[in-house]
Amino acid sequence: MNDRQDDFDRGVRNRRAVLGDAWVDRSLDNANAFNADFQSLITRYAWHDIWGRPGLDHRTRRLLVLGMTIAQGRWEEYELHLRAAVEGGVSLQEIQETLMQSAIYCGVPAANTAFKLAMSLLKELGMELPAQPLSAQHRASSHHTFSAPQLHVLRQGQGRPVVLSHALGMDVHMWDAVAPALAPDCEVLRYDHRGHGQSAAPAGPYSMDDLVDDAARLVREWGRGPVVWVGLSMGGMVGQGLAARHPELVQALVVANSTAHYPDAGRQMWAQRIATVENQGLGAIADAVMGRYFHEAFRAAHPEAEAAARATLLRTDAAGYVACCHAVSQVDWRDALPRLGCPTLVIAGEQDQGAPVAMSEALAQAVPGARLEVIAQASHISALETPDEFVRLLRGFIDSL
Ligand SMILES: O=C(O)CC1=CCC(=O)O1
């Protein structure tokens, strides 16, 4: 066997790995006296000499080929490689980003065709794409604060200013069901806490006051305060601190699935969690966190929601997560609560193990005039488990202001 025959065999292996056996069998079996040399040439030169080079992995080369075929308008080749990329496990997000970039470097008409062909392929493959309408109520603009540490912000809707502040290990998308429901008559601003999502992750540990300072500059930069602050778990802790330290910025407060402080046993649990993440990363706590965030029946009925929340947790910067755990573990607003002067709604989940109902009861009793609502079907992330009930309570509260 000569060198080039060897290269041919290696090329066939690469070609099979990228395009799949069915396609390669068809091309090789259908070769004839007219195109056999050409098939041999591309197998050796493209599939061995280029795809076989160690400097770039196949995923990167696949994305490059998509970009290049879009640039040249070689739609047959684009469709072939697109199908192979999707079936070969390249993420839709990476493909979407490649197509987005092509809009700039190849031009909008080319990207238009690329998206159209991609959509029809995904449909053919039975891949469901979650709706993300662009009507005024759903359209969200994304930006970062001017001041540092920079916080990632999503804003949508028009009307009364409402801020949504997420739980530990989540991000702005924890509110995907709630924000559009408020947007018809509220201007809704959600943000990623420092150390989370697309916000900056300065070196920790953070204190709860750091997170409250972030909240205060966020509202001041926005210029729409005083706001209705809606915080869940860690977001609710920040809300309590904001209302206590900056009452001029908070018109009304919603504290969901949260607490004003942890007893000693709770603080020890936080110390253990910090050590586990520092030593083994977020993967080591992901099952336990999901078990606390969502009850079993919800996880069985909505595996995709749990998978998305797990992916968000695992994407979170581990050092940022730990830095926030320090803030959460030390939270103590008990002395401040009796001085809060704004209308306050406390929401609890009957099945919440992260912040049991008793914590919300204590909180609601300490804040003058606060109302407590308990959602029977919810555990910790009630805004995701029972969005309709969560929105109904929010709406009722906001409309009463
Ligand atoms: O992570 C948990 O168990 C519960 C929690 C505390 C603060 C937060 O946002 O979630």
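## The ligand and its polar contacts

The model described here is predicted. In the ligand site, a backbone N or O atom of Met234 is placed 3.0 Å from an oxygen atom of the ligand. For Leu168, a backbone N or O atom likewise lies 2.7 Å from a ligand oxygen atom. Arg273 takes part through its side chain, where an N or O atom is 2.8 Å from an oxygen atom of the ligand. On its own the ligand has 290 Å² of accessible area, and the protein covers 98% of it.

Two elements, helix 11 (264-280) and helix 12 (286-293), each give two or more residues to the shell around the ligand. The residues that surround the ligand are Ala167, Leu168, Ser233, Met234, Tyr262, Trp270, Arg273, Arg292, Tyr293, Val328 and His380. Sorted by class, this shell holds seven nonpolar, two polar and two charged residues.

## The largest pocket

The largest pocket of the model has a volume of about 2400 Å³. Its lining is formed by 50 residues, and those closest to the centre are Pro130, Ala131, Gln132, His173 and Asp176. Two or more lining residues come from each of helix 5 (75-87), helix 6 (92-105), helix 7 (108-124), strand 2 (152-156) and helix 14 (303-315).

Helix 14 supplies the largest share of this lining, with seven residues. By class, the lining of the largest pocket comprises 28 nonpolar, 13 polar and nine charged residues.

## The second largest pocket

At least two lining residues are supplied by each of helix 1 (3-19), helix 2 (21-29), helix 3 (36-50), helix 4 (58-72) and helix 5.

Helix 5 also gives two or more residues to the lining of the largest pocket. In the second largest pocket, the lining is made up of 13 nonpolar, five polar and five charged residues.

## Annotated domains

An unreviewed UniProt entry lists the feature "domain: Carboxymuconolactone decarboxylase-like" at residues 37-118. Over residues 37-118, the chain is 82% helix and 0% strand, with the end C-alpha atoms 32 Å apart.

The feature "domain: AB hydrolase-1" is placed by UniProt, again in an unreviewed entry, at residues 161-385. The chain over residues 161-385 is 45% helix and 16% strand, and its end C-alpha atoms are 24 Å apart.

## Details of the backbone

The peptide bond from Ala148 to Pro149 is cis, with omega near -10°. Pro149 belongs to the loop between strand 1 (141-144) and strand 2. Gly204 and Pro205 are also joined by a cis peptide bond, with omega about -5°. Pro205 is found in the loop between strand 4 (186-191) and helix 9 (208-222).

Definitions and conventions:
Residues numbered from 1 in each chain as written. Predicted model: local features only at pLDDT ≥ 70, side-chain atom pairs only at ≥ 80, totals over all residues. Heavy atoms only, no water. Near = heavy atom within 4 Å. Polar contact = N/O pair within 3.5 Å; in protein donor to acceptor, adjacent residues only side chain to side chain. Areas by Shrake-Rupley, 256 points an atom, 1.4 Å probe, with all protein chains shown as cover. Helix = DSSP H or I, 4+ residues; strand = E, 2+ residues; numbered from the N terminus. Nonpolar A, V, L, I, M, F, W, Y, C, P; charged D, E, K, R; others polar. 1 Å grid on protein atoms, 1.4 Å probe; cavity = no way out; pocket = protein on both sides within 12 Å on 5 of 7 lines; lining within 4 Å. Points joined across faces, edges and corners; volume = space filled by probe spheres on them. UniProt positions renumbered as here; feature names shortened; annotations may be inferred.
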